[in-house]
Amino acid sequence: MENNTRGLGFKPSPPPQYNRGKNYFFGIGIDAYAKPFNKLRNCVNDVTKVSRTLLDSYDFEEENILLLINEQASRKGIIKKLREVLDKVGENDSLIFMYSGHGDNLDKTNVGFMIPADAADEEDFINLSDIKSRLDAADAKHIFVIFDACFSGLLLTQRDARAQNLPENFPSRYAMTSGRNHPVDDGEGEHSPFAKALIDELLENDDSLGSVMLAQRILDRFRRTGKDDDQLPAFGRISSDIEYEGQYYFYPKNYELSAARERTKRLEAEQARRIAEEALVAAERERKRAEKLARAATNAAAFMQWRDIDPTFSMRMMQYNLTRHPDSQISHSMFQKLVTSDTTFMQKILRGPQNYVNSLSFSPDSAFLAVGDNENAVNIWSVATGQLLKKLEGHEGVVMALTFTKDGKYLIAGEDSKILRLWSVADWTVVKTFKSKQSSCRTLAVSSDNQFFAAGFNGNKIEIWSLASGKCTQILRGHDTMVSNVFFYNNDQNLISSSEDSSVKIWSVATGECLKTYFDEQKPITDLAVSPDGQWMACCCASEFVELRSVATGEVFRTWGSALKPVYKPAFVRAFDSMTESDSESDSENSPTHFYILLQTDTSVVKMYALDTGEVVKKFSNQNGIITNWAFSSDGPQMAWGQQDGSVSLWSLKKDFCQKVFNTEHGFVNGIAVTQGSRSVVAAYEDASIIEWSLETGELLRSLGEPETTFSCLILSADNRYLVLGSVNGWFEVHDFRQNKLLRKVNTESFATAAATFLPDNDSFLMACTNGDVTLWSAKTGQALKTYKAHDVNINAVKIVSEGSQFLTASDDNTAKLWSVETGDCLRTFDGLGNSAGDVTLSPDKKLLAMACADYMIRLYDFESAKLLTTWAGHQNGVSCVVFSADGKQLFSASGDKTIKIWSVETGTPLKTFVGHQESIKRLEMCPDGVHFVTASEDFTVRYWHLSDAVEDRTATYALYDLMDWQLHIEAEDTPQYIEEFKQAIEAGLLTAEDAASRIDFHFKDPSVTKGIKERIGIKGGT
C-alpha cells in the first residue's frame, strides 16, 4: 500500500516540546452586497456564531477575535486587515481565518476569487492565489482557513481524503471549504449547511480536536444527508511546502494539562514514530523502484544495441523489459524507436531437433508446415500454435524436397534415395510409394489439377509422375548436372527447370520436348524462381547478382547485386492489395507491378524488393542460423525459413492483416457504428462526412445527410432506426437511418459532445460532454429528460449496463463511475490511480470492470467493491478502447501504439495482436457475430477484422527462451512469473523437460530453490 501520511521529512525521534502561543480568529462575513451581486442572509450570522463559540468554549481571548462585517469588508479593508493580523501573529501562534460570502470562478479558469462587499465588477475581486501566498509566508505556527463560498475548493493545493492524527508540534497550512469547484447553498435557516455543521461539531466536542478530524466529521455529516459529490465540503493543504506536516488542535476552555492532554501527547509521539517508520519504508520502496528503473534503462540500452544485428531478439527483449518495468519511460522511448524502423519482426520460432533443415512446404490452407531434416524424417508443425503435431518416419534417406498437393490432401516427400513417398494428410500414413530410376530427389512441383507432379534429381533428369496411377509418364533429359528447381506454368502445359549447368529450360509436359534453353556460361545460374503468373523468372547468377527476366523472351528487365555481399535464394510473392498503393492494373503489360521479389543478401538477412521500382520494401533479419531454404504459404502472407541450427522461423509478409480497409481522404475517423446483422459500418469523419460502407463487399453504400460541422461521436440504435451525431459545437442531430432523413437538430447549450450510447429501449440515449455532464435525451422528441453532474472535466466514454438501469462513465479526472439512470446517484467510483480513464467496460457476468488508461495500462476491478484487482501491461501507448468478448473470457483492447490485442481474462496475458493501422486507434466496435470487429484510426481508415487476422502473442515465452539462450541472469524475485513461462515453453515444444531442468540449475544456482521450481513446473522428481 502507498503511504498516505505526510511524514517524509520526520526523523524517528520523540517530538520536541511545543510552546502553544496565542490563538487568533479573523472572520469576514458579508450579507449586504452592492449591485449587481445578490444579497445573502446567513454569512454574518455564521462568522459571528463561530467566533462566539471559539471565545466561549475554546482557548481564545476577546482581544484576539477580529471581525470584518458587511461594509467593513471592502477590498481595501480586507487586504489591510489581513496584513495587520498576519503581522501580529507570532511564530508559535495560531490563526483561524474564516470567510463567508460570495465567491466566483471566472470563465471556468480554475482560479477562485473572493468578492468583497464593495465590488462593482470583476476587477474588484480578490484572487485566492494572493490570499494563499500571504498565508503561506506568515510566521504563524498553524493557519487553518475556513471558507464558506462558491468555488471555494479552488483554494486547496492538495486535497486530503482521510483523517490523520498529525502532530501539533509541526507547522500546518490547511483549509476547509464548504464546496469544491461549484456553487454552494446559502441555507434556509439561521446558518448555511456548512456553517451549521461546523458550529455543531465545535459545540459537541469536549476533548482536543485536530483540524483534520474536524474536517472528517463535517464531511461525514454531509455524506449522511446523501448530497451530491459537488456539494460536499473539501479539506486539504493550501501549501505544497513539505515543512507543513502538522495540524492545528482546538482545545476546550477547561482542557488543562490533564490525563487527556497527556494521552494526546502520547498519541502525538506514537504518530511521529509511526510516520518516521512509514517514511523509512517509503524511502526503501523508492530506492527499490529507482533500482528497477535503472535496471530497466540498462536493459533497454543493451537490447537496443541488437537492433541491427538481430531486430527480432531486440524487439522481444525490449517488449519483455517493458512488461516487467511498465513505468520506465526510457524503455518506452527506446521501444518506439525500435518498432518504427523498417525491419519486420519474426512471428514464431519452431525449434525441433538440432538438425539441418533440408526442405519446407506449407499446406494450401496454411494450417501445417512440413519440415524435412537430417534424421530421415518429416516434422509436421501447426502454423497457428507453433506446436509439433507429428513426426513422419520411415524414410530411407534424408528428405530433400517436400510439397503438398494443391487440394491439401497429400504430402509428397522426395528422399536422398530412389524413393518418393505420398503421405495422407488425414491420418499421416503413407498411401503410395514411387520408385524412381534416378537417385536423390532435389526439387518437386505439383500440377494445379493435382494430376501430376515433377521431380528433379541429383543427376541430370526430370521425371513426371501420375498421382492416380503412380507411374512415371515422362523423363525429361537435357540438363548436364543436378536439377535444382522445377515449376509448372501455362496451365500445366509447360515446365521450367534450372540446373547447376547454368541453364534454364522450358519443356512441353505432353511430349517431353525441350522448347527453349537460356544459357550463359559467363553467368552460371545457381538458383531460380518463377513468378506465380509464369511471366517472370529470377535467375541467381553465381550468387553475385539476380536478374529479373521475361519467361517468354529471356530479356533482362532488372538486375540486383552487391559488390560486398552475395545475393542468392530468390523467391516471388504476390503483391496483396494491402501491400500496394493501388489496385489498378499496370499501364504496361511488361511491368511486374503485382509481385515482389525476396533476395537473401547474406546468411541471415532477406530483403523484399518491388519489381517495378527495384526498391527495398521490407527487411527480415535474425541470428538464429544460416538460412538453408524457405517456403511460402499458397495465399502468400506467410514465409518460413529453414536454418542450419535446425530451427524454422515464421514471418508475415503482409503489411495489413485485416479483412478490409475502408480508406478515404476525409480525415480522422471520429466515430463508427456497426449496423444490425453486421452488414455495414457507418463512419463519421473529420471533414464532417458521414459514410456507410458494406462490410461484405467493401463498397461505399451512401453518404448520409449534409453535415455542417465536424461530428465528435456517432451512435446507432440497435434496431437501426435512429442515427445520432454529436458535434463539437454543442448540438446534435437525430437521423432516420433507414430513410436517410434528418429528423431534428438540437442545441444542447452545452460543451462539445464527447461520447454517447443508446438505452435498451432504442428511443432514448445518454450523451456526455466535455464539461463532465451527462444528459438523457429522447430520440423521438429531442427533449432533455435528465442531466447528471458526473465529472468536473471531459468524459471519454459512457456505457449502459445492468439492462439499462445503470451507466458507466470514464473521465480525464482519472476515475470511472457507476450511476443510477433513475436517481442520478453515483453508486461507485473506480480510481484510475492518477491516470486518465480513456474507456471502461463491464464483463458479461458483471463481476469485472476493465478500465483503459493513458499510462499504457489496463486495470481490472472487482465491480461490486470497486477494488483494483490487477494491472496489465503490454501496449506501448495509451489504451483507448476496451471490450469484453461475449463469453467474458477475453478482453479486446485498442491503443495509440497502432495495435489491437486480445487478452486472457484468466491469466492476464496477451494472446494475439492485430497490426495494420499506421496511426493511433481511437474506436473499436465488436460485431454481433463475435468473430469480427471494426476499428477506426487517425490514419484516415476504418478496418474490418476477423479473429483469424491476428498474430500469436507469445512474447513472454520467446523472451524467456532468448534469456536462457543468451545465458542472461533471471532474478529470484521473478521466479513465479518464470515458472508459468517455463510451463508454456515446454508445452509449446520450445523446451524439453531435461533442457528446462539444466537451465533452471544454471540460472538459480541454489539447489533448494531449483528443486522447488522444478516441482512447480512439473518436472518429475524435481530433477
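Is S417 buried or exposed? S417 is buried, with a relative accessible area of 16%, where buried means under 20% relative accessible area, exposed over 50% and partly exposed in between (1.4 Å probe, protein chains only).

The model shown in these views is predicted, so that local features need pLDDT of at least 70 and side-chain atom pairs count only at pLDDT 80 or more, while totals for chains, interfaces and linings use all residues. Residues are numbered from 1 along each chain as its sequence is written, and side-chain values use heavy atoms, with hydrogens and water left out.

**View 1. The whole chain, with its helices, strands and surface.** The chain has 12 helices and 70 strands, which are DSSP runs numbered from the N terminus (H or I with at least four residues for helices, E with at least two for strands). Of the 1023 residues in the chain, 57% are buried. Among contacts with a separation of 6 or more, 52% are between residues 24 or more positions apart, a contact being heavy atoms within 4.5 Å. The accessible surface comes to about 43,500 Å², and 47% of this belongs to carbon and sulfur atoms; the areas come from the Shrake-Rupley method with a 1.4 Å probe, and for residues only the protein chains shown count as cover.

View 2. S417 is found in the loop between β20 (410-415) and β21. Leaving aside neighbours within four places in sequence, S417 is in contact with E396, Q438, S439, S440 and C441. Strand β21 (residues 419-424) pairs with strand β22 (residues 429-435) in the antiparallel sense over six bridges, two strands being counted as paired if DSSP finds at least two bridges between them. R421 stands opposite T433 in β22, and in this hairpin, which has four residues between the strands, W428 takes a positive phi near 55 degrees.

**View 3. The contact of helices α1 and α4.** The axes of α1 (residues 43-57) and α4 (residues 193-204) come within 10 Å and cross at roughly 10 degrees; such axes are lines fitted to C-alpha atoms, for helices over the stretch in contact, with angles from 0 to 180 degrees between N-to-C directions. The two helices α1 and α4 are therefore roughly parallel to each other, a term for angles under 35 degrees, with over 145 counting as roughly antiparallel, 65 to 115 as roughly perpendicular and the rest as oblique. On the α1 side D46, K49, V50, T53, L54 and S57 meet A195, L198, I199, L202 and L203 in α4. These contact residues divide into seven nonpolar, two polar and two charged, where Ala, Val, Leu, Ile, Met, Phe, Trp, Tyr, Cys and Pro count as nonpolar, Asp, Glu, Lys and Arg as charged, and the others, Gly among them, as polar.

**View 4. The open sheet β42-β69-β68-β67.** Four strands form this open sheet in the order β42-β69-β68-β67, with antiparallel pairing. β42 (660-663) and β67 (921-926) stand at the edges, each with a single partner strand, so one side of each is left without a neighbour in the sheet. The twist averages 20 degrees from one strand to the next. Five bridges join β67 to the antiparallel strand β68 (residues 932-937), and E925 stands opposite V934 in β68.
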